[in-house]
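Please look through the sequence and the structure below. The paragraphs after them go through some features one by one.

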Amino acid sequence: MMTESEFDELWQRTEAEGYGQRLAAEYGDWNRRQRHIRGVALASIVVVAMAVPMLTIHQHQTKDYETIYCNRSGIAETQWTSLASEMLMEI
């Protein structure tokens, strides 16, 4: 005759084997889902890492004014260029 503790131990072992078999059977699907999730996350990170510098560079580009037009003909163009450059640098 089997004691109650032996019965509980046998019951738990049988139940654990069932869980183990079920987990082993579902591992392939679980592993594929995990790889898919990691792939999507990695692709998202790469896209963001590439997009952020492109957006910030475009916003911070400075325009280099090489030609300046003025209605005072007696002053050299280089003088106006340097004056405008200094004024823009102070801002």
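**Side chains along a helix**

At 47% relative accessibility, tyrosine 27 counts as partly exposed, because that class covers values between the 20% limit for buried and the 50% limit for exposed. The model is a predicted one. Tryptophan 30, with 42% relative accessibility, is partly exposed too.

Tyrosine 27 and tryptophan 30 lie 3 residues apart in helix H1, about one turn of the helix. A pair of aromatic rings is described by the distance of the centres and the angle of the planes. The whole structure has 2 aromatic pairs. In one of them, tyrosine 27 and tryptophan 30 are 5.8 Å apart from centre to centre, with 35 degrees between the planes, and the pair is tilted.

Charged residues come next. Side chains of opposite charge can pair when their charged atoms come close. There are 2 salt bridges in the structure. Aspartate 29 is bridged to arginine 32, with 2.4 Å between the closest N and O atoms. These two residues of helix H1 are separated by about one helical turn, because they are 3 residues apart. Aspartate 29 has 39% relative accessibility and is partly exposed; arginine 32, at 48%, is also partly exposed.

Glutamate 9 forms a salt bridge with arginine 13, and their closest N and O atoms are 3.8 Å apart. Here the spacing in helix H1 is 4 residues, again about one helical turn. Arginine 13 is partly exposed at 44% relative accessibility.

Leucine 10 also belongs to helix H1, which spans residues 4–59. Its relative accessibility is 36%, so leucine 10 counts as partly exposed. Together with Met2, Phe7 and Trp11, Leu10 makes up a nonpolar surface patch with about 430 Å² of accessible area in total.

Definitions and conventions
Residues are numbered from 1 along each chain as its sequence is written. This is a predicted model: local features need pLDDT of at least 70, side-chain atom pairs count only at pLDDT 80 or more; totals for chains, interfaces and linings use all residues. Side-chain values use heavy atoms; hydrogens and water are left out. Patches are made of residues with over 30% relative accessible area and no salt bridge: like charges are joined within 9 Å, nonpolar side chains (Val, Leu, Ile, Met, Phe, Trp, Tyr) within 5 Å. Accessible areas come from the Shrake-Rupley method with a 1.4 Å probe; for residues, only the protein chains shown count as cover. A salt bridge is a side-chain nitrogen of Lys or Arg within 4 Å of a carboxyl oxygen of Asp or Glu. Buried means under 20% relative accessible area, exposed over 50%, partly exposed in between (1.4 Å probe, protein chains only). Rings of Phe, Tyr and Trp (its six-membered ring) pair if their centres lie within 6.5 Å; planes under 30 degrees apart count as stacked, over 60 as edge-to-face and the rest as tilted.
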